[in-house]
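Me: Please take me carefully through this model, one topic at a time.

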Amino acid sequence: MASNSRYIVGIDIGGTFTDVIALDVETGHALSAKTPTTPGRFVAGVTNSIKTLGVPLHEVGQIIHGSTTCTNALIERKHAKTGFIGTKGFSDEFDIQRMIRRWGKTSWSAIYDLHQKKPAPFVRRHLRRELDERVAYPGVVVKELDLDEVRCKAKELIEAGASSLAVCLLWSTVNSSHERRVKALIDSEFKNVYVSISCEVAPVVREYERMVTTAVNASLMPVMTDYLATVKEELNSMGFRGSLLLMQSHGGVADPEVLKERPILTLRGGPVAGVVATNNLGKTLGTKRLISCDIGGTSCDTAIILDHAIPLTDETEVDYYPVKIPTADIHCIGAGGGSIAYVDAGGALRVGPESAGASPGPACYGSGTQPTLTDANLVLGRLSADEFCGGQIKLDTDAARSSLEALSRRLGCNVTTAAEGIVRVAVANMAESIRLQTIDRGHDPREFSLVGFGGGGPLHASLLAEASSIPEVIIPLQPGVFSTVGMVVAELGYRSQTGCLQPLASVDPIKLERSFREMEAAGAAMLRTSSTKRGDVRFSRSAAMRYTLQEWEIQVGIDVGRIDHHGLEKIKAAFHAAHRARYAFAPEDKPVEFVTLYVDSSLPTPPLRHEPPVQGDGDPAGSQKGTRAVYIDERMGFVDVSIYDRVRLEADDVINGPCIIEELTSTTFVQKGWQVTVDPMGNLIVRSLESER
Amino acid sequence: MQTDSTELTLLHNRLTSICREMGVAMMKTAYSPVFNEGFDFVCSLFDREGRMIAQAEYNPSMLGAAIYTVEWMLNEIGVECFRQGDVWVHNDPYRGGCHLPEHMLLKPVFHKDELFGFAATIGHIAEIGGKAVGALAGDATEIYQEGLRLPPVKLMDRGEHAMDIWKILMTNHRTPKLTWGDLHAMLGSLHIGESRLIELLEARGLSRTLDETKELMQRAEAWMRREIEAIPDGEYRFEDWMENDGITDEPRRIKVAVSVRGGEIIADFTGTDPQTRGPINATYAVTAAATYNAAFHLTDPQVPRNAGCYRPIKIIAPPGTLVNVQHPAPEIGGNSETHCRIIGVVMGALAQAVPERAAAADGATGCNFLFGGIHPDTGEFYANYHFENVGWGAAANHDGNDAQCAPLAISRNVPVEVFETRYPILVRSLRLLTDSGGAGLFRGGLGTERILEIRAPEMTVSALFDRMRIPPWGLQGGSAGGTTSISIRRAGDSDFRLFTDVFHTVTPSKFSNIIVRQGDLIRIVSSGGGGYGDPFQRPARKVLNDVLDRYVSPQQARNLYGVVLREGEGTLSFDEAPSRTMAGERGAASVNLKA
């Protein structure tokens, strides 16, 4: 490999900190750092953080990051002015929408809130035009497209100031010819306007969701194009000669040139990195059932990883707008270090989802007054006032304590009990989120390992595992910047999808095989145009399926080789099994149908190796750096526990909980009844002693 | 006591989460659009004395009625008769139910052979036999015409299908496949509720859980009482009308006096018109559910929803009236149309006590449109219960939302791309209807217009609408919202006409079993919400934006808002000075609250 592409750099830009990692592809070793975020100055942030690592920019072959540009543009509504062209009679669905009323303050607003405001139509009525054309199910043209009308309507919208146009015609999922002709005409006759058509962006049935997805994509096309132009130019001027890659919502990275057409694919590119990192760890350890648990300042993001596959969903929303793109199925709840604790009008203690964020931050940061989860942990001795974030932030224990006093008065208890209650409620909220993804989907949590990372993951992981009946916790190396690992190990990959509404019984296996092959060829072509890497493209097939007359699908992996009649039977059996696991029954005598086909195409990445720790003798005494009083539980109260320095721990060291292990980016709290072993790679493996009995 | 408090919070969250999971399983596996797109169901948990201990955020009209339905079932069946693996089904409005399509399935949950309580779901089974396809016959005169009536009977007997009952259902419903799928979705949901509850009981123990759920009810009740205490004491009166009962074309009055005394609300419907021959009667459970619904809309939405939060609200509904119908009168429209009107009168009454929390009337009708026949492509019978979104009322500081389900439910509209796969109908258009929102300082939300083209040799249709003549009221000088309509353009004709004109139905809004044919167009218009405050006070800039987006026509901008628009070089501007001083045509049917 050429020396000018020695490093792959992954960057995770958060609200407060920018985390960076550089993978040396020659040795497989990685360097990482945490630097303050420079809002609005992406390139400065990137170059600063790379400098911190001591890596010369000209030796960096790839920079990979989860861009928040599109997400921010959408939330702040700083996207392009977008016009919409739809089938005559239906563009008002932008106003009508079709959600249950759940945009109020709480989930119960859905049924009892007169004053919640429906989200504004994503495209306003005066920027929408209709074409007198119609395709009917299952693909028959009822009314032909009139190209003169297309020309006229496109012109009106452009004159009204639209710089992007979204086109979504009814039933384009089964017959896309009208949409494609509209795009061809606009592309050839109008310059400087971006066009998205729904059959390319999101070929899924249900017109409202598809039209919004298409409009969101169109509105982001200029944003992405401008962003890439700026970033590439600046990076080049700084001496960067490599390529820039962006993380997509489903956990694969992509060439930005491809994403100019589909910027929407980057919308959830941030949170997915931690899931990719967890999956990579699982492959290294050979562990097939993992729960990735990323606890930051405002949220707890959890995802279930089975058999080394990132779980995907296409039911995602941004700001209440449906975004029907393949997205890692991450449950996000408002439970993080900054989550605010309060007593509701009924006298119940609640934690989150409101967060004190980075500003004012938890009371112990010095500016805020409301008690947070971090304040509770500090008062309980589980965080150190002096060692938080490697000492970069000094915590004020008195401020934390006084923030808790008002709360404890309302609860009628002392400050310690209030603090313990906050941690317990927050952990229960997280446990509920894990339960929804495990037990409620037919998975037994006792078969899983919980991977805790992010600033707060290691602090709560053993408590959360205990509350969720998970017997093992893994705290990876440098848990505070673990997500960046996901950036550099993510595969270059695309997901293609195509509509295929058809009963399984009437599917011709040869045609089905051909559909998959066409999608594979398209995926391979996308990878080859954008990759500098070599290697064999890997494909994996799946399908969204349901019983005939159901409206909602389950995604089923298809691994039957070349599809024949026998293969179709196997696919059917896999669907029955998946339905049974998810919903507790499977009427196997009922007909089954396909709805959507998917192909994931990917190229592998170079392996990542961390410097392994020194082999120890099992005795961690050498890495103990002191003791402090830490609250354990109601019975034991505060107990003096040993504090260890993680970087000095050696392989095979064993420590019994309760204990605290501190390092630069995080603090691990191990509860009584749990035992830590340092594995040969340096991961902390925390096991419940109870489960071993 | 703090430990207990935290534990109670966690228990409440867990129980609610179980109900939510039951709902997701039901929605994702059911066959009828009314379930899988429309969320026309509820999931809840009860203790062994029939007290609701938790529920999830699904159809609020069923949530309020469920407490009566379960109470009735336990009394009739006898709590000692429930066995592990049994599931009981019940839909009789005259046994504590709401209306015939709402089927309650009740499954006992045991912990070590001791009964703890029940998992319960109510789901709207769309086709249940009876006079008209889809059950909602607008001109039924007895409950026997409204569908197959089930007293509490076993659907599952110790885990096995009770085949006698299944055979009766499958024989009497016009679309048995859908019934089969929807009932199994409900059974799957109950299985999930039961399993989760058993896990919970294994961890906590039965008697402790029962004690804690009692405490949860007390807390919910105390919170609800505090909410009511914050409403000024007094007696507040309101009335509104159902425009006809489908049999005789005369309006019927619903009257309420709502007393707020400390932490208690008493809604007294004395003075309401007698029950009718047609199907707009409400059972006591429906009237109670609607009253709760209204009260919950005007108090904190976060009050925990279990039996406790209902206790401070009392309902007096004289038997034999529109709001407490007696057997064997028809009542299928009571739970959709009259329910809406009862919510409206209770909210209208309470609006006088808390005008800042109130809103003008919402569209308040389901625009229920039923159709069925033989599908020309499959040769199979299809049936559908279709409803529309309505505009919501404006309030003291915001416009009403356009096109959403009336407050009795949370249904989403069924996508055109789902609708057209199931029925021989081409949807020609689905639009917001310009000018249908009541004018006001804050404008009412818009209703919709939908046009359907019949693509089968023939189709049987029925309707149960209201608000076709008496529009949703405005508040504080705001105008009334737009009215509903259903009309038909016969193949070959050029105009839409009412069903009274074409088919000589007694009323234009409620009829059944009309045969329409290939190429006919049916136009359904839903109602808009009432406006709030004087339209002349609405900033002209907002009126201009409404005109630009065609929510308001230039004519209405001039006539109702006093804003005259001028068309310039591709732009609109406004000139408010001269016209705004003129007294324009003011909105009718506005309710003024005391200062």
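Me: Which domains does the domain assignment of chain B give, and how far apart do the C-alpha centres of domain 1 and domain 3 lie?
Reply: This is a predicted model, in which local features need pLDDT of at least 70 and side-chain atom pairs count only at pLDDT 80 or more, while totals for chains, interfaces and linings use all residues. Residues are numbered from 1 along each chain as its sequence is written, with chains lettered from A and ligands numbered from 1 in the order in which they are written. The assignment, whose bounds come from an automatic or database source, gives chain B domain 1 (2-222), domain 2 (363-535) and domain 3 (536-591). Between the C-alpha centres of domain 1 and domain 3 of chain B, the distance is 51 Å.

Me: What is the radius of gyration of chain B, and why does chain B count as compact as a globular protein of that length?
Reply: The secondary structure of chain B comes to 14 helices and 24 strands, taken as DSSP runs numbered from the N terminus (H or I of at least four residues for helices, E of at least two for strands). The globule rule, 2.2 Å times the number of residues to the power 0.38, is set against a radius taken over C-alpha atoms. For 595 residues the rule gives 25 Å, and chain B is as compact as a globular protein of that length because its radius of gyration is close to this, at 24 Å.

Me: Which helix gives the most to the side of chain B that touches chain A?
Reply: Counting residues as in contact if their C-beta atoms, placed from the backbone, lie within 7 Å, the contact takes 64 residues from chain B and 60 residues from chain A. Elements of chain B that each supply at least two residues include α5 (176-204), α6 (206-229) and β14 (425-432). With 12 residues, the element that gives the most is α1(B).

Me: How are α5(B) and α6(B) oriented, roughly parallel or roughly perpendicular?
Reply: Axes are lines fitted to C-alpha atoms, for helices over the stretch in contact, and angles run from 0 to 180 degrees between N-to-C directions. Leu200(B), Leu201(B) and Arg204(B) in α5(B) meet Leu206(B), Arg208(B) and Thr209(B) in α6(B), and the two axes lie 7 Å apart at an angle of about 105 degrees. Angles under 35 degrees count as roughly parallel, over 145 as roughly antiparallel, 65 to 115 as roughly perpendicular and the rest as oblique. The angle therefore makes the orientation of α5(B) to α6(B) roughly perpendicular.

Terms used
Contact = placed C-beta atoms within 7 Å.
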